[in-house]
Structures are given as C-alpha cells and as structure tokens.
Amino acid sequence: PLSETRAGRGVLALVDLPDKEYRRTSVLDFLSVAPLKQWLPGRNRSVQALTTAWDRISRDAGVTSGSAVWRQRLGARIADLAAGVSEYNRLEQEDRVLAIEFDRDAAEQLLEAVETLIGRLEALREPKPAASFIEAFKSLVEEYFDLKADSLEDSGRGGSVMTEIEQLGTVAAVGGSFSLATFAAALRANLDAAYGREMSLGEGVIVADYRLAAGLQFQHVVLC
C-alpha cells in the first residue's frame, strides 16, 4: 500500500507531528523518513537539511517535545556554542572554532526549520472547508517534499500520495471540512487502501486483495 512507501510514510509522519506534540524523536523521524528537498523553509530563507547533525544537536540540547521546549533548549544551546566560539577564538584554536561554528550554524538552521514547520502545521489544526484545507496541505507537501520522489505524484504507474490527498477534497461537494486530526485519519485510511505500481499497467506481477483485480485480465492467477 502507499502508506508503506517513503512518500506515504513521510506524509503520515508529517500530519502526526501536532498530535505527538512535536516530540524530538517524531520530528527527526519525519526528517529522516520523508523524501524531502535538500533545502527546507526557514524564517526568511531556505535552510539546508542536515538531519544527522540536527539529531545530535537536538539531543545534546535536551529537546524533548513542544514548540516552547524546542525554542528554549535550542536557543540556550546556540548561546553556549556562540560563547564557545568566542572562547576558542581568544585561545586561537582555529580547528575548535570551525567545529563549534558548524554546530552553532546548524542549530540556528534547525530552530528555524522546526519553528517554520510548526507554524505551518498549527495553521491547519482548526477545521477549514475541505477545498481550502486540501489546497493548503498540498502547498505544504510541495514546499517540503522532493516532487520527484517515487509514489508522491502520479507518474502513470498507478496510485500516488498526491492523488489520494486530492481525492479527499471531494468532500467539499457536500460542504465538508477538515481539521488536521480528521484529515490525518482519512488520509491514513486512503493510503492503507491504495497501491502504486512499479511498472506500467499490463506489465509485471500484481499482488493484491482480490477486490483490486475487478475488471482486469491476467495470463496467470494464483489464489492464496
């Protein structure tokens, strides 16, 4: 199912972040699992995704969960690193200065990336008309995800994550609405039921529930 592809797992990890109170491990799982762009939105600039360094820095900073904790703990860590740069500059230890400057810059970029991501998701927590919610969520995915990632967009080889997101917008026809929590539940159900293909229709082997084979013809069929 699409829920087991990198794109599907990444989108589901994204929508679950508010419910998990932006736990450090959940945020880093999203950053590691999702097929993201190399550069992510920051406050007024793009920041380079440095997932391995961000994992270490956030762990060393003592980040646990919650937007306030991210801001406070990373802010304190950035201040400590800046003090270290000043101290090693005074001692003329250039190698140490360069290493600490890297961590300071990476911590600043991580704080920007996390605060921006939290802001984007918090804006979707309250119920909105389905059509406007879907457009806002699609824009979020397009900002963060590598649009060339397998199964993210329709490539003519079967279902895609973006197609399933767009299909949820059909509830707008009956005046429906979504909050991030209700959308997350609906999206998970859709991605669990949807399958992508690695080849064009008519090629390869399909392994699926018999209901997905309705209307199709096969040279050979194995029932299990």
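**A close look**

Modeller: Serine 58 sits in helix 3, residues 51-61 (helices are DSSP runs of H or I with at least four residues, strands are E runs of at least two, and both are numbered from the N terminus). Bear in mind that this is a predicted model: local features need pLDDT of at least 70, side-chain atom pairs count only at pLDDT 80 or more, and totals for chains, interfaces and linings use all residues. Residues are numbered from 1 along each chain as its sequence is written, and side-chain values use heavy atoms, with hydrogens and water left out.

So is serine 58 buried or exposed? It counts as buried because its relative accessibility is 0% (buried is under 20% relative accessible area, exposed over 50%, partly exposed in between, with a 1.4 Å probe and protein chains only). A polar atom of the serine 58 side chain lies 3.1 Å from the backbone oxygen of aspartate 55. Skip the neighbours within four places in sequence, and serine 58 is in contact with Arg24, Leu28, Val63, Trp70, Leu74 and Leu110 (contact means heavy atoms within 4.5 Å).

Zooming out, the protein chain has eight helices and four strands, running α-α-β-β-α-α-α-β-α-α-β-α along the sequence. Of its 224 residues, 38% are buried. As for contacts between residues at least 6 apart in sequence, 68% join residues at least 24 apart.

Terms used: A polar contact is a pair of N or O atoms within 3.5 Å; within protein, one must be able to donate a hydrogen and the other to accept it, and residues adjacent in sequence count only if both atoms are side-chain atoms.
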